[in-house]
Each structure stands twice: as C-alpha cells, then as structure tokens.
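Let's take a walk through this model together.

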Amino acid sequence: MGRGRWRKVGSALWRVVAVWAVSTLTMLVLAGILPDFKLQSDDGDSATRIAVTAALGAGAFGLLSAVVWPLLVRALLLVPALVLGLLAFFLNGSLLLIALSLIPEGRGEVGAETAVVVAAVMSAVASATGGALAVRDDDAYRRRLYRLADRRRRRRGRADETAAGPVTPGTVFIQLDGVGHDVLRDAVGKGIMPTVAHWLGEGKADGAAGAAGATHRLTPWRTDWSSQTGASQLGILHGSNHDVPAFRWYEKDTGEVMVSNRPASAVELQRRAIERTGDGGLLTVDGASRGNLFSGGAEQLALVLSMAARRGKENRSRAGYFAYFSDPANAVRTALSFVAEVFREIGESTRARIRRRRPRVGRGGLYPFIRAFATVVERDVVVAAVIGDMLAGRSAVYADLVAYDEVAHHSGPSGPDVAKVLARLDRSLALLAQVAEHAPRAYRIVLLSDHGQSPGETFRARYGLTLGDLVRAGCGLPVPRRAQHTHSGAEARATVRAALRRPVEEGADERRPARRAEPIVLASGNLGLVSFPDVPHRMTREEIDRRHPALLPTLANHPGIGFLLVRSAERGPLVLGARGAEVYLDEDPDDLGPLGDFGPGALEAVRRTDGFPHTADIMVNSWYDPEEGEVLAFEEQIGSHGGLGGAQARPFLLSPLALSAPVPEGAELVGAEQVHHVLRCWLGEDLGPEVPVTATAEAPLTEATIPVNDSPPEAPDGTAFAAADAAVQDKTH
C-alpha cells in the first residue's frame with residue numbers, strides 16, 4: 001500500500017473519529033439538559049463511565065444510521081414520499097432507542113418523545129461536522145467527489161474515460177418556474193439574488209456582454225398564447241407544443257379533458273410531441289430530467305410527472321426520493337424545514353387577513369403543506385439529484401424548481417413573501433455553482449423560466465361570478481346563487497398528489513356537464529375555454545349565434561373580458577371585442593382592435609392557436625390593464641399565467657457568455673419551440689447533434705418509445721452535500 005493510500009485511510013479514520021467525538025460530546029450535553037435522558041445507572045456513575053457510555057451510544061447510533069437507515073428508506077418507498085419526510089423524525093428516534101438498548105447494563109435510557117429530539121440534533125451535528133471537515137480539507141473533498149463520479153461512471157459502462165473526466169463541458173439547465181424577466185431583474189437590483197447578480201457582473205441586470213465581470217447574458221423571450229408550464233416545457237424539452245391551447249382543454253374526439261399536470265395527460269402530450277418532431281427530445285444524449293412535467297428523452301429520470309402514470313417497480317416517480325432521504329441528516333433537515341415553512345405560511349396568511357390586504361385569495365386547508373412541499377421538499381430533492389448528476393459527469397441536465405410559482409399564485413408575483421423564496425432559490429444556485437467546481441467535468445449553468453406571472457385580483461372577486469356563471473347566463477341557463485371556486489392549476493399540486501400516490505382530482509370545472517347540451521367551461525389562469533360537447537366539430541360563430549344568440553355579445557361586452565377568439569364559417573378566425581369590435585385574422589389588419597393592448601406578437605400568437613385541432617369553440621382572454629400590468633384570473637390566483645397580458649408572457653433566458661448568443665442583436669426570441677432550438681444548438685456546440693427517435697413499420701412511435709428508466713439517482717451522501725452547502729455559506733456570508 002503506497003503512501004498516498006495510507007494518507008487517504010488516515011484522513012478518513014481521522015474524520016470518523018472526529019465525528020464520533022463530536023457526537024459523543026453532543027450526547028453528553030443533551031443528557032445534561034433533557035430531564036428524561038440519562039447515560040448512567042440508577043446508583044450513579046463516574047464521569048469516565050458516563051463518557052464511555054456516551055461514546056458507545058454515539059457509536060452505535062452512527063453505525064445504525066449508516067447501515068440500517070438506507071434499508072429502512074428503501075423499504076418505505078412503498079409509503080407516500082411526502083409522508084416519508086415526516087416519518088424521518090420517528091425513524092431516527094427509533095434508531096436511537098435501539099442504539100441505547102445495546103449499551104451494557106442498561107445505562108442508557110431516554111423517553112420516546114425525547115429520543116426524536118436527541119436523534120435529530122445528533123444527526124444534524126454529525127452531518128455538519130463531517131461537512132466542515134471535508135470543506136477544510138479541499139484535497140480530500142475533491143478526491144471524494146471524483147471517487148463518487150468514477151464509481152458511477154463505471155456503473156454506466158464508462159471505463160474508457162480517464163480519471164480527469166470528459167474534455168467537453170456539460171450543461172445544466174435550471175428552470176425557475178414562473179419567474180418573469182422583470183421579476184429577476186428586480187430581485188438582482190435589490191440584492192435578493194446575489195449569485196445571479198454575480199453572474200451578470202457586479203449586480204448589473206442588463207445582461208450586456210460588456211458588463212464588468214459578467215459571465216452570463218440575460219435575454220427575455222416571449223411565450224405563446226398559452227403561457228403556462230405545460231405548453232412551454234413541452235416545447236422546450238421536446239421541440240413542439242403544437243395543439244396545446246391551454247393548461248386544460250376539452251377534446252371532442254375523445255370526450256376527455258386534458259390537464260397538463262395530470263400524469264395521464266402529460267404522457268400523452270409527450271407522445272404526441274415525439275410523434276410530430278421525430279426525435280426523443282433535448283436530453284436524449286446522456287441526459288437527466290429532474291422534477292419536470294416531461295422527460296425530454298432523458299435516460300435518467302426522477303420526479304418526472306409524465307412517468308408518474310406508469311406502474312411497476314422500476315417506473316415509480318417517487319423512486320427519486322430515495323437518493324435524498326436515504327441520508328438521515330438530509331431527512332431531518334428537510335423535515336424540520338418543512339414544518340417551519342408550514343408555520344411560516346400560516347403566519348403570513350394570518351397577517352394578510354389581519355391587515356386586509358387586497359387582492360387576496362384563500363390560503364387555508366392543505367395549501368400550507370402544498371407550499372412547504374414545493375418550497376422545501378421538491379427543491380431539496382431536485383437540487384440533490386442535480387448534484388448527483390453533476391458528480392456523475394452527465395452531459396445535459398434539465399431541472400424545474402416550482403417554489404416561486406406556487407407561492408406567487410397565492411401571495412402575488414412581488415413582495416416580501418416571494419422575495420424570501422427567491423433568496424432561497426439563489427442559495428440553491430450558489431450550491432450548484434460550488435459543486436460544479438468539483439465535478440469531473442466543466443459545467444455551464446443555464447438559468448431560464450417557462451413563463452412569468454401577472455398580478456391582479458380574480459374575476460370572481462371583482463364581479464361576484466365565475467366565467468362559467470357568465471357563460472351559463474349568456475346561454476340562458478340557470479346560474480348558481482353562490483359562485484363556485486374555480487380549481488387551481490398550480491403545478492405543485494399534481495406533484496404532491498403524485499408523491500402521495502393519489503389520483504389527480506377533477507375540479508368542478510373539469511367534470512362533464514350533466515347534460516351534453518350544456519357547455520364545458522375551463523380556466524387556465526386568465527385564459528378561458530368554452531366547448532359544446534354535443535357538437536363533434538369546432539363550432540363556428542354562425543352556429544353559436546343560432547343556438548345562443550346572446551352568448552357572444554354577453555362575453556365580448558363584459559368589462560372583465562379582453563377579447564374572444566371564434567371561427568367564422570366565411571372568413572375563418574375572428575377576434576371579437578367590446579362594442580362590436582371585430583378583427584379577422586385571415587389578413588394583416590391595420591387596426592388590431594382589442595388585441596392592440598396586449599403588446600407585440602399578440603396577433604401571431606392568437607393566429608397560431610387558432611390552427612390547433614383542439615382549440616375550443618370560444619377562447620376567452622381576460623381584461624388587461626397595460627399601465628398596471630394587471631389581469632383578471634379565472635382561477636383563484638392573484639398571480640396568474642396562462643393567457644396574454646403583462647409579465648406572464650415575458651420569461652427569461654440567462655446563459656453563459658461562452659455559449660453563442662441566443663438571437664442576433666436586436667432580434668426577439670419568440671416561442672418555446674424556438675427556445676428548444678437555441679438549447680439544442682448549445683448542446684450541439686460541444687456534443688454534436690442529438691440522436692433522433694424515428695418511427696418505422698416494425699417499431700412505430702408509441703408510448704413504449706418514451707424512455708422509462710426511473711432509477712433513483714445516486715446523490716452525494718450527507719457529508720458531501722453538507723460540505724458543498726457549508727462551502728457556499730462560507731462564500732456568501
């Protein structure tokens with residue numbers, strides 16, 4: 001055994017002894033503080049004997065945590081993932097009780113409730129100590145990261161790679177769900193996101209290549225009419241969002257309501273996109289998809305919603321939780337943060353009610369837990385998975401962090417509530433940047449968003465009725481005296497239900513009508529869709545007028561409606577507005593009429609959506625105030641997206657200067673499909689073209705052609721993760 005090997009063994013033994021010693025000291029302190037936790041016999045022991053007892057207990061607990069804990073978590077994959085995080089406290093306490101029972105002569109005793117506290121503190125202290133030691137020994141930490149990466153490359157059959165790793169850099173795409181371009185600029189200017197500010201050069205948010213110290217450029221882009229994650233992410237990852245008119249829509253040929261964040265719908269949308277483009281997606285070459293609606297053709301999948309509809313041991317979306325929760329310190333830390341976030345939301349919503357803030361929506365029921373899942377559990381698990389991918393040296397990784405989007409729906413796109421979320425997301429970016437310095441290959445981190453959010457009160461709050469009520473009134477149907485709540489389409493809700501292994505529920509607006517002659521009215525942010533299920537084709541304006549002569553005038557002249565899209569039997573697509581305004585889209589009109597307030601590109605976006613096979617009989621876009629940037633959501637959201645109007649249609653793309661410019665100077669990046677081409681071009685600059693998935697007579701494109709490997713990523717253990725986290729805090733504080 002060479003001197004280098006002995007030095008490694010000695011360093012590892014030193015860290016084990018140091019962690020053991022600190023754990024022993026922690027146990028002694030807790031035994032002195034907590035009344036029902038003792039480390040001595042009833043007759044009393046000497047200080048030396050008590051110290052030996054603490055050392056035995058700490059050693060047994062550490063050994064059980066290292067050996068038994070991963071097996072427990074693996075077995076508990078049958079338990080809903082959200083519950084698994086909460087069980088971490090009790091499982092850790094049980095391990096401590098077992099460890100104390102192993103001490104000779106019964107000198108270690110602790111109450112069941114106290115055991116939970118003691119185990120949580122000891123796990124956190126041990127993880128922090130190991131991380132601090134690893135950070136102090138940079139060479140040891142770097143060797144550890146390379147050793148993890150080398151082992152994983154061997155598992156993937158990469159024995160031909162040298163220890164130095166691949167020469168070409170990899171790319172990590174991090175999607176900050178719902179963060180608009182202007183929100184990002186504002187957060188950078190206020191110092192809320194120092195990591196992003198550093199990338200842009202000393203806090204400058206103009207993205208200019210000449211900014212002092214800038215390593216990235218900031219580019220806004222414009223969404224399609226359907227400004228929501230389903231359409232944008234499908235276009236970004238798979239190159240096509242054709243026939244995705246909204247977040248949810250009714251398809252007359254099948255009689256089904258498609259919902260973008262419903263697993264069965266997501267897998268069907270992904271299949272259609274692959275069939276239309278002829279290739280598997282952005283991530284088909286050595287890619288990983290984490291926390292997304294769609295796979296992007298990646299081989300490595302975790303928490304991907306389109307895979308949640310699949311059954312079988314190897315294809316459970318919750319398998320991605322194992323890599324994170326297998327470390328007890330991670331589980332305890334996330335569980336503690338989860339509980340803290342629940343109480344933080346309860347406190348913030350209570351203050352909002354007391355201060356009578358307007359606009360405001362209900363934030364009770366399960367929402368505090370949904371928010372905590374999105375801002376804590378989903379963030380921690382996805383970031384850990386990305387770290388594992390970087391340590392493995394994967395070529396391309398795409399991950400979605402939904403924390404901001406979920407909170408902004410209920411708290412609004414700006415303000416102190418969402419500022420805290422953005423600050424925590426920035427810390428996650430700093431952690432990834434730190435890990436990139438130790439990864440076996442260079443990484444380029446690309447930050448982007450899928451849409452923004454537009455503020456404004458709800459349609460129901462302003463007018464006392466829902467869009468469905470207004471449609472029923474225009475059809476001469478009875479209207480409920482009390483307006484019903486419209487089902488929210490926040491992405492995090494479906495993720496939570498998938499984690500809980502519960503089917504995605506149907507909202508009142510998604511159920512089929514009692515009579516087929518009644519219209520189906522669906523909401524997607526400030527975009528509404530009206531369909532008549534008893535008519536097999538898309539109804540024309542003339543047919544609608546004959547059946548319900550008051551419907552179109554009622555909608556078009558309502559002050560909360562911006563414009564309607566219908567189809568004329570004579571001239572094709574037609575936009576209707578208040579006071580009889582009409583804009584035919586079969587030509588380039590000089591006067592855009594009601595579309596004029598919705599900014600550049602509105603005409604092209606509406607015209608494109610009109611060409612979709614499943615566009616609704618009537619497409620309804622809410623009112624928009626161009627001065628305040630406000631819209632009226634048809635869902636219960638005070639920060640909304642899904643239609644035209646304001647910041648919701650203006651997300652961002654933050655890319656390293658080492659990559660080519662996404663668009664020529666002065667040009668505009670329009671549509672998620674164009675963003676896909678930009679990202680694919682960047683991957684091609686280093687990796688060559690992606691491998692297409694072609695349909696043949698022998699192997700037609702079906703659901704089976706979509707990669708389904710959902711094996712859990714091998715994330716770094718608690719020591720490596722804590723070391724990276726500690727290094728980030730050392731740099732940022």
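This is a predicted model: local features need pLDDT of at least 70, side-chain atom pairs count only at pLDDT 80 or more; totals for chains, interfaces and linings use all residues.

Start at strand β10, residues 443-448. Since 6 of its 6 residues are buried, β10 is largely enclosed by the rest of the structure; buried here means under 20% relative accessible area. In a regular strand, the side chains alternate between the two faces of the sheet. Look along β10 and you'll find Tyr-443, Ile-445 and Leu-447 pointing one way, with Arg-444, Val-446 and Leu-448 pointing the other way. Both sets are buried, the arginine included.

Who are the neighbors in the sheet? Strand β3, residues 170-176, runs parallel to β10 and is joined to it by 6 bridges. Strand β21, residues 652-656, runs antiparallel to β10, with 2 bridges between them.

Now head for the surface. In helix α1, which covers residues 3-33, find Leu-25. At 54% relative accessibility, Leu-25 counts as exposed, because the cut-off for that is over 50%. Together with Val-29 and Ile-33, Leu-25 makes a nonpolar surface patch of about 300 Å².

The other patch is a charged one: Arg-353, Arg-356, Arg-358 and Arg-360 gather on the surface as a patch of positive charge. Arg-360 sits in the loop between α12 (328-354) and α13 (367-392). With 31% relative accessibility, Arg-360 counts as partly exposed.

Key
Residues are numbered from 1 along each chain as its sequence is written. Side-chain values use heavy atoms; hydrogens and water are left out. Patches are made of residues with over 30% relative accessible area and no salt bridge: like charges are joined within 9 Å, nonpolar side chains (Val, Leu, Ile, Met, Phe, Trp, Tyr) within 5 Å. Accessible areas come from the Shrake-Rupley method with a 1.4 Å probe; for residues, only the protein chains shown count as cover. A salt bridge is a side-chain nitrogen of Lys or Arg within 4 Å of a carboxyl oxygen of Asp or Glu. Lys and Arg count as positive and Asp and Glu as negative; His and the chain ends are not counted. The place of a charge is taken as NZ of Lys, CZ of Arg, CG of Asp or CD of Glu. Helices (H or I, at least four residues) and strands (E, at least two) are DSSP runs, numbered from the N terminus. Buried means under 20% relative accessible area, exposed over 50%, partly exposed in between (1.4 Å probe, protein chains only). Two strands pair if DSSP finds at least two bridges between them.
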